[in-house]
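These are my notebook entries on one model. I set down what I looked up, entry by entry.

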Amino acid sequence: MNDAIERVEVLVSSPARNYVTLRVTTRDGLVGLGDATVNGRELAVAAYLREHVAPLLIGRDPGRIEDTWQYLYRGVYWRRGPITMAAIGAVDLALWDILGKRTGQPLYALLGGRVRDRLATYRHAFGWDVPALLEQVDAHREAGFTHVRVQSGVPGLDTVYGVSKDPTYEPAAGRTGPPEEVWEPEGYLRTMPEVIAKVRAHVGDEVGLLHDAHHRLTPIQAARLGKALEDVHLYWLEDVTPAEDQEALRLVRQHTTTPLAIGEVFNTAWDCQYLIENRLIDFIRLAVVHGGGVSHLRKIFALAELHGVRAAPHGPSDVSPISLAASIHLGIATHNFAIQEYMGYPDLVHEAFPHEWYVDQGHLHPGEAAGLGVTLEDALHRRDDYQAAHLPVARRRDGSMTDW
Ligand code: CS2
Ligand code: MG
């Protein structure tokens, strides 16, 4: 078979931040790229791919995308989980990329074609105080963005999720171990509704405002926050409670009409099924790579469509521009797609992954290149630049561990 898979490479690199990239090459020279990054656990996915997956791909027909997905999923007794699913996701993206190049079609065309012209996206705004936050909100609005995620400092807390001096924040920063943060909910619960009300008063009614609680609240605290935020009409309130306790969202739902979003830490349709079928959420948020790639994510989105839940993939800077490309193509071709998170990247990341997708007037566009439309600048993908790094951990004031 002249078009069989001949070479599978796993690249670990750090062009400004850590990424794992899969490169699949066919005998006749087509190249497909996949993102396999799991922030802070990069080498686990790299080893999974290199040791356990790459040898199985050599000689396979790259056109059998669904069969390969099923082979890597069902063919492993120890299935699911972030590492396995990111590895499968990376292979899936690379094979779709190859199919696009073989047929000369952009990925979105292979997925059924456009159902919209451009994707709404939201940017992150954060500030230790309201004036600093509003400055960032204004900058995003001036650049044409219609939706903004707002995070602010909390009196009494020295560190707060989503608020940083570093615009490329949330690389896993701890080099020797996870930085430790202190988290107490009470000040946060008092402060956030006041802060977001001020942002709403400043921007008027037309701007979509979002907020991320990063899995930190108890169900009743989350219900209180949702209720306190009703008057500001959030676009969504994200990750209010730890995502594995799905029944918690029923309690939250009983108390508030604030729309709920969750899912960035889910990996499969089975993680989402209960929440979607019971209509306990409004938006489902897996990143393409973390949810087993385009092949699996579109099934999740189809399930969501049946239940009035909309798709809004995770798009932090810790998934690479390859994953974001796949997400944009999927969004352009998916009817119940709502919005794409776009945290943005340091310049060097754009240089390391030259891409056809682009932002124009606050919206994302996939571009028209065949496949995913991303290439690699090899010189910027050096293994030696990689240094292991850790996301922070959090403790309550009494010293006990809590969710970061
Ligand atoms: C976040 C992420 O984008 C988001 O909504 O919750 O920034 C998340 O903290 C990181 O992806 C963790 O690596
Ligand atoms: Mg989040």
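**Entry: Ala326**

I looked up Ala326 and found it in helix α11 (residues 321-332); helices here are DSSP runs of H or I with at least four residues, strands are E runs of at least two, and both are numbered from the N terminus. Ala326 is buried, with a relative accessible area of 0%. I use buried for under 20% relative accessible area, exposed for over 50%, and partly exposed for values in between (1.4 Å probe, protein chains only). Not counting residues up to four places away in sequence, Ala326 touches Leu93, Leu107, Val288, Val294 and Leu372; contact means heavy atoms within 4.5 Å.

**Entry: basis of the values**

The model is predicted, so I note that local features need pLDDT of at least 70 and side-chain atom pairs count only at pLDDT 80 or more, whereas totals for chains, interfaces and linings use all residues. Residues are numbered from 1 along each chain as its sequence is written, chains are lettered from A and ligands numbered from 1 in the order in which they are written, and side-chain values use heavy atoms, with hydrogens and water left out.

Glu238 lies in strand β8 (residues 236-238) and Glu264 in the loop between β9 and α9, so the pair ties together parts that are 26 residues apart in sequence. Both Glu238 and Glu264 are buried.

**Entry: His215 and Pro219**

I found His215 in the loop between β7 (208-212) and α7. The phi of His215 is positive, near 60°, in a residue other than glycine. His215 counts as buried, at 9% relative accessibility.

Pro219 has its place in helix α7. Is Pro219 buried or partly exposed? At 24% relative accessibility, Pro219 counts as partly exposed. Leaving aside neighbours within four places in sequence, I found Pro219 in contact with Thr241, Ala248, Leu251 and Val252. The C-alpha atoms of Pro219 and His52 are separated by 40 Å, the residues being 167 apart along the chain.

**Entry: helix α8**

In α8 I recorded Ala248, Leu249 and Val252 as buried. They cover an arc of only 90° around the axis, which puts them on the same side of α8; the arc is that of the directions from the helix axis to the C-beta atoms. The buried residues of α8 pack against α7 (219-228), β9 and α9.

**Entry: helix α9**

For helix α9 (residues 269-277), the buried residues are Ala269, Asp271, Cys272, Leu275 and Ile276. Their arc around the axis is only 145°, which puts them on the same side of α9. Their cover includes α8 (248-255), β9 (260-262), β10 (283-284) and α10 (293-306). After α9 comes Arg279, with a positive phi near 55°.

Two packed helices are described by the angle between their axes and the distance between the axes. The axes are lines fitted to C-alpha atoms, for helices over the stretch in contact, and angles run from 0 to 180 degrees between N-to-C directions.

How do the axes of α9 and α10 cross? They come within 10 Å and cross at roughly 10°. That makes α9 roughly parallel to α10; angles under 35 degrees count as roughly parallel, over 145 as roughly antiparallel, 65 to 115 as roughly perpendicular and the rest as oblique. Ala269, Trp270, Cys272, Gln273, Ile276 and Glu277 in α9 meet His296, Ile300, Leu303 and Ala304 in α10.

Helix α2 (residues 65-74) packs with α10 at an angle of about 90°, the axes being 9 Å apart. The two helices are therefore roughly perpendicular to each other. I found Ile65, Glu66, Trp69 and Gln70 in α2 meeting Ser295, His296 and Lys299 in α10.
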